[in-house]
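Keep the sequence at hand while reading.

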Amino acid sequence: MATESFDHPFLNKIRTLGLLFGALFLVLTVIGAISNPQQFYQSYIIGYVYWLCISLGCLSLLMLHHLISGRWGFVIRRLLESGARTLPLMVILFIPIIFGMHNLYEWTHADVVANDPILKFKSPYLNETGFISRAVFYFVLWIGMTWLLTKWSRTQDETGEPGLKSKMINLSGPGIPVLILSVTFASTDWVMSLEPHWFSTIFGFIFVVGQALAAMAMCIIWVVNLSDADAFSEIEASKYLSDLGTLMFAFTVLWSYVSFSQFLIIWSANLAEEAPWYIKRGQGGWDIMAVALILFHFALPFFLLLQRAIKRRAALLLAIAVLMLVMRYVDLYWYIAPSFSHGGPVGFHPHFLDLTIPLSIGGFWLAYFAMQLKGAALVPLHDPRMAETFAGEGH
Amino acid sequence: MSNSYFLGVFDNESDIVAATRITRESGYDIHDVYTPYAVHDLPEAMGLKSSRLTWVCLMFALLGFSIAIFSQFWIAGVDWAVNVGGRPFNSLPAYLPVMFECIVLFGGLGVLFTLFVRTKLYPGKKELTIHPEVTNDRFVLAVELRDSAFDTAAITMLWEQYHVLEIRQLSEA
Amino acid sequence: MASTAPEKEDPTAPAPVLGPGQTYTTVTQKISSIITSRTPLGWIIGVALALGLMQCFALGVTWLLIKGVGVWGLNVPVGWGWAIINFVWWIGIGHAGTLISAILLLMRQNWRNSINRFAEAMTIFAVICAMQFPLLHTGRPWIAAYWLLPYPNSMGVWPQFRSPLIWDVFAVSTYFTVSLIFWYIGLIPDFATLRDKAKQKVSRVIYGILSMGWRGSAKHWHNYEMTSLLLAGISTPLVLSVHSIVSFDFSVGLVPGWHATIFPPYFVAGAVFAGFAMVLTLALPLRAVYGLHDFITDRHLNNMSKVMLATGLIVAYGYGMEQFYAWYSASTYEGYMMQNRTWGPYSFEYWMLILCNVAVPQLLWIKWVRLNPIMLFIVSMFINVGMWLERFIIVVTSLHRDYMPSSWDMYRSTPWDWLLYIGTIGIFLLGMLLFIRVMPVINIVEIRLLVPRKGHDKKPDHDASADASAD
């Protein structure tokens, strides 16, 4: 396909640096993994879920964009597509989790399950075959939808065929419910079942919102850094930064809303099946992290993004987006890491692998992302909706 | 006290904005502009300062926040502490919903109150009818007519560039 | 070019939000003619019907006050019956109004301009209906205010701030107040228009008082716009909070079937779902009777249907998650609750709920259904019923068989439950009918923003872009 491509010094820089740092941290990770395999898997699942969430967030925002087609969507569509197209990389990176299942998931141990009536009850769902086949199913769904959406989008660049627009809309309509359902079950499989006795019905929803937030922060970072690219100056992309900032604000508020709802309901009921999950996370250093989440995942970005003047300043918005990406990791760390206590008291024991793994995956993810972004024009070329959308310029 | 105004009547948004801007720049004192809906470029053309209602709203919201937090802690923890299902007297998570509602209630009432005070509107207020169609389809620019030296010809010329429909003089008793 | 509505070649392009050929004057005339024209026969019949239904309310309340809440079908395991079901149902219906007026305003979706006034009025009357139930269920409503407000009783004991029921008092009264403010602020300039158009002295005086001397001064508009934005800004989290707090009434408790963390977002989505269904239930006949096709266009029907479809899917997601996690929890009580809900004595109601709220709304995937007023009306009626059944299922099936089999019992409503419920429908209808008769049912000022600009404008349409994004 002779699609138009896109080039920018920032892209090349990210690709080179991404590969370099990815490799460097990979070496450190390998050293850590050899010396402490158990710790490796525990840190790996956090880093992996973090980057997977960004890819999936891109896919969900992409479908949202097709459905509501606001101006902001055309600015970041190619970024979202590239983000979703990193999913094949995430498939490869899933392999260590399969190898580490026994280190991570209590319910994979036949002897534990035999002595635990609850796990025995859940075994039709929580078993190794089910876990792996469901993972395959999720990835086929996600990659299939991504493949179709990005293929149509790129064909549209070349041919300008008007019917492709409806195809993308028609896939995104049912696509969003399918994605939300699959993310719910994936988060149950991969994260909730780390503590297999615990359950919360809003859990999948929290992941869906967190993903969208992370993807939006990632897009803002790219838009700011690519704002001098020709395609972006043509549509004056930086003018839409404040719209993107508003969306990031909305997702931040939604995240706070769903997180607080889950906490308040469990805290008030104080049931023995549920409350320990929060009790664990409210002591021994984790409490400080919880306060940090309230302050920097909610309060600070909330009050900053409330002000229009701040959302219009690219440098400040960039800083907030970076903060949100960091806090997404803190949030996932706080969700996942205390799970590995196995009954005993949980201390706050960060390990250097908790840093090298996300950074290593992130390096490769970003390099892969940059390569995907090069494959097509930075802004869709012939989407009929764009003309309408950008017609009412300047208010 | 008697005020006199010199009125120009227009029939669309862009003319009134342009006419307002040029009138102000030519040194006339604009009394006010009357429009059938909120014209977004007018405040800037009239040289109005940006509204500070946001800060007022924030202050009232903070007041609501303080009252809600203080009274809940005081009521449920100090004045008559009741043990409910073993929950602590300091049940901050359970106080947040009421706190939030008070923030919104105070912010909303505060901003309404401030709007009425700022615009001096109140039920039954009688104000001078500037033009009968200003609440339908006319846009009226009112300039202060202070002394007899006011050059009506010049301003008429100025407004004619912007398709003024009608020119009037109006006195307030 | 800018003087006519832009013709789009793309057949899939969205329909306009305002019919062609409208000017400021025709808009003013058309909307105020609903008030100034002769009273249509249909309106009189409607009012007669509403008054008739209100007699049910009077009867139900009188007997309730004479005998006490024992006249309702409540019993020991099922201590919450129709009163809370109706309360939640009405509050939910109100949510569409706030969503349309606040959230869509912030999202610059200007198609909302012609339905927001109407939907806000619906919010006000729905909340009034909702408030009847918490007041009446106290049995002695004239002293209920004394129990609900934060004021210590004669023993010095205050209301219980850890209870979601007291959160509800704050949430609902705040919601009512802020919605009323928002509604009234929006009405002021329209009252001024009606005052200037009024032919009779009485109406001129009344609209004059209500319009507070509004003259359309740009200085006033400047602060007025800011106020609207701020109110929209605080109403948006408010609407989320109100139904979340209503959901806390259940989820903070320990009863299986109530205690689920998904409740807040699932209740909010359900509220919007029900609210939009009610907006359509009322707007479709209104549009037909008063010929408002230029204001409530196919675009509105299409967009509202899509919102219903989306929120309906979230609700369906909620049902699914409840089923799955009831099993996944491996808790006997959770598992039994779900099994009892699905196959127990109330299974008919449960499957009717699935039919009304999950199966029928799937018709909205079809564009023809979204644009066909009759089909849309039918689907909306299904949703109205379905959302009532949802609350019935949540309240009754969870309570009637909980932890102790020895105290299991069945719940049956009594005629007094029916009378009160039907009576509030009368209150709601009467409120809406009076509103239609004396107030501009469509926001005149905001419709002016949709009128194509005259003459020398560079900007053809105020929000053309946001407009396109509404699709």
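Helix α6 (residues 164-197) of chain C has 34 residues, which at 1.5 Å a residue should span 50 Å, and its end C-alpha atoms lie 48 Å apart, which agrees. The expected span is 1.5 Å times one less than the number of residues; helices are DSSP runs (H or I, at least four residues), numbered from the N terminus. This is a predicted model, in which local features need pLDDT of at least 70 and side-chain atom pairs count only at pLDDT 80 or more, while totals for chains, interfaces and linings use all residues. Residues are numbered from 1 along each chain as its sequence is written, chains are lettered from A and ligands numbered from 1 in the order written, and side-chain values use heavy atoms, without hydrogens and water.

α6(C) has a kink of about 35° at C:I188, shortly before the proline C:P189; the bend is the angle between axes fitted to the seven residues ending there and the seven starting there. Of its 34 residues, 27 are buried (under 20% relative accessible area, 1.4 Å probe, protein chains only).

In helix α8 (residues 218-251) of chain C, the bend is about 25° at C:S235, and C:P237 follows within four residues. Here 28 of 34 residues are buried.

Note on methods. Helices (H or I, at least four residues) and strands (E, at least two) are DSSP runs, numbered from the N terminus. Buried means under 20% relative accessible area, exposed over 50%, partly exposed in between (1.4 Å probe, protein chains only).
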